[in-house]
Structure formats: structure tokens, C-alpha cells
Amino acid sequence: MRVTGFPLFTSREVPADAEIISHQLMLRAGLIARLGVGLYTWLPLGLRVLRNVERVVREEMDRIGSLEVLMPAVQPAELWQESGRWNRYGPLLLRIKDRHEREFCFGPTHEEVITDLVRREIHSYRQLPVTYYQIQTKFRDEIRPRFGVMRAREFLMKDAYSFHQSQASLQQTYDAMRGAYSRIFERLGLSFRPVRADSGAIGGAVSEEFHVLADSGEDEIAACERCDYAANTELAESRLPSPAGEPPADHEEHETPDIHTVAEQAEILGIPITKVVKTVVVMADNEPAVLFVAGDDALNMVKAANTLGASEIRLAEPEEAQRATGVPRGFIGPRGLPEGLRTLVDARAAQITNFSSGANRKDYHWVNLNWDRDMPLPEVADLRTVKAGEQCPRCDGHLVITRGIEVGHIFQLGTKYSESMNATVLDVNGHGVPMIMGCYGIGVSRVVAAAIEQNHDERGIIWPVPLAPFQVAIVSINAHRSESVRSEAERLYEALGAAGLEPLWDDREARPGVKFADMELIGIPHRLVVSDRGLAAGTVEYRGRTESTSRHLPRERVVEFLRSPHQET
């Protein structure tokens with residue numbers, strides 16, 4: 001492609017509303033253009049990158065026997081009502097009506113549609129297992145779209161769905177899909193990690209996320225430095241320390257006026273913060289629950305919701321907490337709570353002896369409380385968020401906290417949708433049984449942004465070769481004045497194209513500095529400079545995108561050099 005026929009919409013200015021580097025660079029490099037809030041047009045350069053992601057995804061999906069389909073983006077409300085998600089999905093679901101006032105939604109996902117398709121077409125266990133996938137536009141009405149295509153309202157997604165008669169069959173496909181996802185991100189040249197995760201609104205008992213590792217990632221990942229344990233901190237397990245074995249002391253009530261934090265409580269009582277058990281009141285599906293965690297720990301809301309079996313959870317407002325317990329927030333504790341309240345204690349907090357907590361009256365706290373002696377031990381669960389440096393739950397290694405960008409998620413759904421939508425097959429005995437399902441997603445457009453977050457410098461994008469819109473940039477210097485430069489650039493352009501190396505020839509009548517800056521900004525891995533000075537020496541100047549110096553290659557060896565294996569970085 002020649003730049004004179006492939007306009008570059010590059011900019012030196014950093015967009016004021018672009019918060020993260022991928023959003024800034026995608027706009028500056030002319031990959032995307034903003035249409036509205038959370039809505040972007042993919043420009044020719046960006047679309048080439050997007051198609052490269054799609055190509056690798058398709059090849060790996062086909063490799064494991066998945067079958068490509070294309071389902072409607074607009075879906076009838078009846079399917080979502082049948083599954084029970086029409087109301088549960090909430091405001092993320094864009095609801096629309098046609099001219100006949102029939103309700104539809106613009107699909108954020110396609111579990112209902114694929115389940116409806118399969119229940120109509122698959123009738124016998126002999127037709128299973130089967131896996132369908134598509135690459136389709138999705139829409140989720142994010143309350144705060146941000147970070148460009150990273151959290152846009154409209155996005156491109158690969159979603160796949162598998163159907164099985166047995167759990168063993170589902171596990172086999174799940175494992176194959178896990179391997180395919182690893183190959184996809186390896187082939188795209190990305191540093192990534194699969195981690196255990198919460199299934200969220202999709203449902204299912206087992207799920208894993210695939211994260212591209214980047215400092216700007218929204219998710220925190222706890223990974224062992226020694227073994228392969230890794231989990232999103234929303235789900236990462238705590239390892240219990242050995243009990244201290246401290247003998248119980250006599251409990252005492254202390255006046256603690258005008259305190260607002262756990263740190264103030266520990267200071268006024270003269271105790272370490274590790275001897276505080278703090279109380280958190282939450283509203284789980286609009287019902288209050290009282291949770292206890294150690295003073296130096298943070299309550300993990302995802303773990304709490306899962307333990308409480310709640311689809312929605314939030315911190316109680318001060319008046320809600322007082323209405324539920326009869327005590328102002330900050331002075332609530334486990335001793336003397338009203339009957340009927342659901343209470344949970346984190347497993348670590350359950351091991352603390354001689355701890356301090358609220359006295360359930362304003363301006364007072366207890367010290368030297370002990371479970372079972374001074375009040376019953378509530379239901380015990382893992383409710384805390386793990387911290388860097390603590391021991392791995394699987395081995396004697398220690399956890400490291402890194403940040404990641406979720407680009408893929410695989411689920412074992414079980415029969416959640418097949419039961420609610422009556423998707424059954426006849427088993428070997430002729431009995432109708434619900435199909436067991438798996439669900440597997442990749443954020444195709446998000447992969448592009450995640451790759452930039454992981455691969456950039458002060459000059460612009462650094463594409464891994466498999467993602468790059470073009471592999472080689474040819475920069476001709478003053479070709480409009482030099483027939484020899486124009487002729488050699490033309491020869492290289494044709495030779496590289498014939499070798500399958502996808503060149504972009506910057507044939508503009510522009511200053512060399514402008515051309516170099518644009519090629520670095522858009523991140524093409526290899527750059528060739530054709531000039532009269534080089535041709536006089538029989539060479540072409542070469543520089544890799546990550547290199548700081550150039551080298552001179554003999555004209556006749558340029559294609560051979562670029563095709564050599566060590567250039568595939």
C-alpha cells in the first residue's frame with residue numbers, strides 16, 4: 001500500500017479526553033475516530049489490526065473443531081425473559097422496540113440466542129458435543145464509557161458456546177478452549193496469564209480469565225512466584241496463618257468518643273491494628289448482613305456476594321446500618337447484635353484472640369473479646385482480599401500482585417440456560433435431559449488496545465509483528481526529485497509484497513522527519529529508508545521499531561534479511 005492512496009490520519013496532539021495511553025495512541029495514530037460516547041469508527045489502519053486479531057482467533061477456533069455462525073445482533077425480548085435475564089441484566093441492556101411495539105435488545109452477549117438455536121436443531125445425544133462461535137458486534141450501555149475501545153459501549157467480540165451430554169465432555173472442550181486461548185495470545189505476541197475468576201452475570205461454577213499484563217490494567221491479579229497459581233484478587237484464596245495460641249484475657253469496655261477509623265480505634269486503645277476486628281454492614285439483594293474482617297484487611301465484595309448468594313451487593317448507607325443494628329456505624333460489633341441478622345466472619349478474623357470491636361453503643365468499644373467465649377462464632381468464610389507477599393494457598397511460595405487487562409474469559413455454565421429455556425436432548429435411554437453448556441469469550445477490539453498498553457514507547461505504538469497493520473515501512477527520501485530513489489523504492493515495494501511482507505510505502509512529498517515520526521507513531525516493526533546517499537553506496541538503511549540505531553543492508557539482501565526467522569519479533 002502507498003501512503004498517497006492510504007491516507008494516514010495521524011496527529012501530534014494528545015487528545016484531552018483520552019486518559020490512558022492506548023486511547024491516546026489509537027486516536028493519534030489514526031486507528032479509530034470517535035463518533036459519540038463509547039462509540040468509535042475503525043479507520044482503515046485500525047481495521048487492518050482488528051482483522052489480524054480476527055484471523056488468528058478464527059484459525060485457532062477452527063483448529064479445535066469449533067463451527068462459525070453469525071447470529072443477529074438484535075434479539076427478541078422473549079428469549080431474555082425466558083432465561084430470566086431481561087430484568088436481572090439491568091441498565092447495561094439496551095432495550096428497543098420495533099414499529100409494532102415488540103420489545104428487543106441489542107445483544108451484549110448471545111447465550112439466549114445460541115440456546116434457542118440449539119434446542120431447535122439438536123435433538124439427540126448423538127449430535128453432541130458441538131461448539132459454535134461467532135465474531136460479532138456487541139453493545140453494553142456502560143454507565144461510564146472510558147478508555148477508548150477498552151471500555152466502549154459497542155465492541156467486537158468472539159463468543160463461543162459448547163453443548164454436551166456430560167460434565168466430562170464439557171471438561172474436555174473447556175480444556176481444548178483453554179489451550180486455544182493460550183495459543184491465540186502467544187501467536188499475537190502478547191504477555192498474558194490465565195487466572196481463576198468470578199463468573200459474574202454470565203453464571204456457571206468454573207471460570208478463568210485471560211489477562212494481558214500491563215501496569216494500566218483495571219484488574220489486580222494475585223500470582224504465586226513459585227507455582228502456577230494465579231487468580232483475580234476478586235477470587236484469590238487466603239491462606240490461614242497458624243493460630244497464635246494466646247490465652248484469653250478479661251474483656252473490658254472502653255469509652256472511645258469521636259473516632260471514625262480503625263486506625264483511630266487502635267491508637268486510642270493502645271493496641272495494634274491486627275488486634276481489631278472491624279464490622280462492615282452490607283446490603284445483599286437489599287437485605288442487611290453484618291460481616292467481620294481483621295482491622296488490617298479489606299472486605300472483598302465479590303467473595304461476600306458469592307458467600308451470601310446475592311446477585312447484588314453494596315455497602316450499607318449509614319442510616320441503613322443503624323436501622324439494621326440499632327447502633328451508629330463505627331461502633332457496631334459482634335457482641336449483642338439484634339437477633340435475626342445474618343452475620344459472617346472472615347476466616348482470618350475468626351482466629352484472632354483478645355480482639356477489639358464495637359460495643360454496640362455509641363462511643364464505646366470492647367477489648368479482649370474472644371469468639372465462642374463472649375459471643376457465638378458466626379458462619380466462617382473467606383471474605384478478605386489477599387495482599388502482596390502473603391503465602392500462596394497452594395504452596396510455600398509468596399503472592400505477587402500484578403495488574404492485567406481482561407481480554408478473554410471461559411466459563412463452565414452447566415445447565416443454567418438449558419434448564420430455564422428447556423434445551424434438552426434424548427439420552428441413550430430415550431429420556432430428555434438438559435444439555436450442559438460452556439461459554440468462551442474474547443474481546444477482539446479490546447485485544448488491540450491491550451496490545452498497545454503493553455507495547456509502546458514515547459514515540460508511539462510498537463506492534464508485535466502478527467498484529468501490525470503493515471510489516472515493513474518504506475520511506476523514500478526526495479523520490480519526487482530522484483528517479484533512482486523512486487525506482488529502487490518501487491522495486492523494494494514490489495519485492496516485499498511478493499514475499500508476503502505487507503509493505504507500506506511512504507511516497508509522500510514530505511520532510512523525512514515527518515515520515516519517520518509517522519512510521520514510529522503507527523508502530524510498523526521494520527523501516528527501510530531509500531536515499532541517494534545510500535544508493536550510491538549500494539545500500540538501504542534499516543531500523544527495527546525498538547532499535548535506537550540504524551544499519552545499512554546491501555540492496556539485494558533486504559528481502560532475505562527481513563524474511564529471516566530472527567526478524568519475527
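This is a predicted model: local features need pLDDT of at least 70, side-chain atom pairs count only at pLDDT 80 or more; totals for chains, interfaces and linings use all residues.
Q: Which elements give two or more residues to the lining of the largest cavity?
A: The structure holds four cavities of 30 Å³ or more, and the largest has a volume of about 80 Å³. Its lining includes M519, H526 and R543. The elements that contribute two or more lining residues are α13, β29 (526-530) and β30 (539-544).

Q: How many residues in the lining of the second largest cavity are nonpolar?
A: The second largest cavity holds about 50 Å³ of space. Its lining consists of I20, F147, M150, S216, G217, E218, D219, I405, E406 and R446. By class, two of these residues are polar and four are charged, while the number that are nonpolar is four.

Q: Which element gives the largest share of the lining of the second largest pocket?
A: The second largest pocket has a volume of about 460 Å³. It is lined by 21 residues, and H260, V262, T279, R329 and G330 lie nearest its centre. Two or more lining residues come from each of α7 (262-269), β14 (277-284) and β18 (355-358). The largest share, five residues, is given by β14.

Q: How many residues in the lining of the second largest pocket are charged?
A: The lining of the second largest pocket contains 10 nonpolar residues and eight polar ones. The number of charged residues in this lining is three.

Q: Which residue with a positive phi follows α1?
A: The phi of this residue is near 75°. The residue that follows α1 is G30.

Q: Which residues touch the most other members of the largest nonpolar core?
A: The largest nonpolar core has 67 residues. A second, separate core has 26 residues, including L79, Y89, F411 and V425. In the largest core, the residues touching the most other members are L31, Y181, F185 and W463.

Q: Which residues are in contact with Y181, leaving aside its neighbours within four places in sequence?
A: Y181 is one of the residues that touch the most other members of the largest nonpolar core. Its contacts beyond four places in sequence are M61, K158, F210, G408, H409, I410, Y440, G441 and I442.

Q: How many residues apart in sequence are the parts that the pair E60 and R183 ties together?
A: E60 forms a salt bridge with R183, and their closest N and O atoms are 2.8 Å apart. E60 is buried, with a relative accessible area of 2%, whereas R183 is partly exposed at 22%. A network of salt bridges also links this pair with R55, E59, R63 and R187. Because E60 lies in helix α2 (residues 44-63) and R183 in helix α6 (residues 167-187), the separation of the parts they tie together is 123 residues.

Q: Where does R508, the salt-bridge partner of D518, lie?
A: The closest N and O atoms of D518 and R508 are 3.0 Å apart. D518 is buried at 2% relative accessibility, while R508 is partly exposed at 23%. D518 lies in helix α13, and R508 lies in the loop between β28 (503-506) and α13.

Q: Are K97 and E101 buried or exposed?
A: K97 and E101 form a salt bridge in which the closest N and O atoms are 3.7 Å apart. This pair belongs to a structure in which a search finds 53 salt bridges. Both K97 and E101 are exposed.

Definitions and conventions:
Residues are numbered from 1 along each chain as its sequence is written. Side-chain values use heavy atoms; hydrogens and water are left out. Helices (H or I, at least four residues) and strands (E, at least two) are DSSP runs, numbered from the N terminus. A nonpolar core is a set of buried Ala, Val, Leu, Ile, Met, Phe, Trp, Tyr and Cys residues joined through side-chain atoms within 4.5 Å. Buried means under 20% relative accessible area, exposed over 50%, partly exposed in between (1.4 Å probe, protein chains only). Contact means heavy atoms within 4.5 Å. On a 1 Å grid over the protein atoms alone, a cavity is a set of points where a 1.4 Å probe fits but cannot get out, and a pocket is an open set with protein on both sides within 12 Å along at least five of seven lines; lining residues have an atom within 4 Å of a point. Grid points are joined across faces, edges and corners, and a volume is the space filled by probe spheres set on the points. Ala, Val, Leu, Ile, Met, Phe, Trp, Tyr, Cys and Pro count as nonpolar, Asp, Glu, Lys and Arg as charged, and the others, Gly among them, as polar. A salt bridge is a side-chain nitrogen of Lys or Arg within 4 Å of a carboxyl oxygen of Asp or Glu.
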